[in-house]
Amino acid sequence: MQQLALDTQSFEKLRSRNCLYVDKTEDIYKMITGGRIYFLSRPRRFGKSLLVSTLEALFKGQKNLFEGLYIYDKWEWSQQYPVIKIDWAGINHSTPEEMENSLAFHLKKNAQSYGITLIAESAIDCFSDLIEELHKKTGKDVVILIDEYDKPITAHLADSHLAAIRTKVHDFYQIMKSSDEYLRFVFLTGVSKFSGLSIFSALNNPQDITLREEYATICGYTQEELENNFTEYIDRAAERLKMTREYLLEQIRYWYNGYTWDGETAIYNPFSTMNFFQIRKFDNYWFNTGTPTFLIDLIQRRNCVDIAFNPVVVDSSVFREYDPANISEVPLLFQTGYLTIKKMELTPEGFAEYTLGIPNMEVSKSLLTHLVQAYGKYPDARYIDELRRMMQQHISACDEAGFARSLERMIASVPSKLHIAKEFYYHSLMLIWMQMLGFRIRAEEPNNLGYSDLVWEQPGLTVVAEVKYHAKKKIDTLLNEAMNQIHERRYYNKYSGKILLLGIAFSGKQPGCRMEVLNN
């Protein structure tokens, strides 16, 4: 079984270690033979760095790394080009001054790898000199690969360094326009498409392939790629989770698929998918790599929670360039991966109209968790122990009325603007509330027939809970559905001893519960 490349975005290391690589070289070949200057936007952790690294190996002529791949017998390997690769993740941009020094140092190291010494001090002069000197020394046009071109901008969207950082980045990228005669190929990746950086307006009109149908699959995995490349991992996960292969694939799709950039081709998040296959547990891998503090702050500040959870219909202007100092919430949520294109249609006038929505369960549950924690007015810490004891007493005594009163208190703590008429919302709300009280909750606990919503343990007792929501159904009807599902799918079979079956229902904002004790 080939290893999963979770610890590297280097194409060379990945291939030399015989790690699993989903072949994207057909898309790459189409791109490099069809144009010269490109820009691609994708969310973080979506394979952009690996794509840049693959291009680097290709233009350097590292033929042995491509054996068995689509492009192997189609590329002219004798044509090797000097490559300048700039990865902003490795450049210090805490302040404008530190960014200037770090970028100049990075370019000088790049020059040294080609036996060139740069004597210029500024990053701009180093960049200009490096392009020209590489062209002189090799007699070949230069390839420039820039990964996360916008990272120094997005890191300072909400602080005082933004204007100065933006100016320096603008001046730096301007060099590529003046050096155009020496350039063979330019490729830039990023999250957002910002204006005023001398890229989209001045760099000889780079092709933005972000929404181009022919490049919809250049990052991430299609369903076919997932099933063809991860067969052994799928079988191993199915055995570990005691699921059929078909049911497992359905759950992986539910959690990690759903991104599209053409409104038709669904793509899996590669980072989350590989982490799932490695750990064999459904979890919020992508979201947990970085708390989107600035997004949560923006949503709170502009009071636009609905946009994050309800379909949004927009025109193509959402995907154009943006002023980083004044970007609106819909483009930001789209470009950072919290919204994706669910559908694209033409209006009677012939204009494209896009429906945006949350990609999958990983994003919806995670984003909701952060929002509830940000908005919720939970009790003061001094009451936490008392509340936990009360909840434990309600459960131990099978006190349905007492538990329901605690649920009412939970609902009252959440502002009305954050109530979302979706079952997953109330499921997440219960999870957050119980975790806040100190209960060790396990969510989406699997058995061979499905997933129980919530499971936790107290001394001598295991609680298995199912949460139901409907805006109009009566509480008793929903509680019947919850308890019937627990029994039909036998969520309790894997536990021994005393078990409490707990049905929780929300009819609109009105909560209720039902309890039943088993001895297994």
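Predicted model: local features only at pLDDT ≥ 70, side-chain atom pairs only at ≥ 80, totals over all residues.
Local features need pLDDT of at least 70 and side-chain atom pairs count only at pLDDT 80 or more, while totals for chains, interfaces and linings use all residues. Residues are numbered from 1 along each chain as its sequence is written, and side-chain values use heavy atoms, with hydrogens and water left out.

An open sheet is formed by 5 strands in the order β9-β10-β11-β12-β13, with mixed pairing. Strands (E, at least two residues) and helices (H or I, at least four) are DSSP runs numbered from the N terminus, and two strands pair if DSSP finds at least two bridges between them. At the edges, pairing on one side only, are β9 (442-447) and β13 (510-519). From one strand to the next the twist averages 35 degrees. Strand β9 runs antiparallel to β10 (residues 450-458), joined by 5 bridges, and Pro-446 stands opposite Tyr-451 in β10.

The largest nonpolar core has 127 residues, of which Phe-187 and Phe-230 touch the most other members. Such a core is a set of buried Ala, Val, Leu, Ile, Met, Phe, Trp, Tyr and Cys residues joined through side-chain atoms within 4.5 Å; buried means under 20% relative accessible area (1.4 Å probe, protein chains only). A second, separate core of 31 residues includes Tyr-426 and Trp-456.

Helices α9 (residues 231-241) and α10 (residues 245-256) have axes that come within 9 Å and cross at roughly 100 degrees. Axes are lines fitted to C-alpha atoms, for helices over the stretch in contact, and angles run from 0 to 180 degrees between N-to-C directions. The two helices, α9 and α10, are therefore roughly perpendicular, a label for angles of 65 to 115 degrees.

Key
Buried < 20%, exposed > 50% of the residue type's maximum accessible area, 1.4 Å probe, protein only. Parallel < 35°, antiparallel > 145°, perpendicular 65-115°, else oblique.
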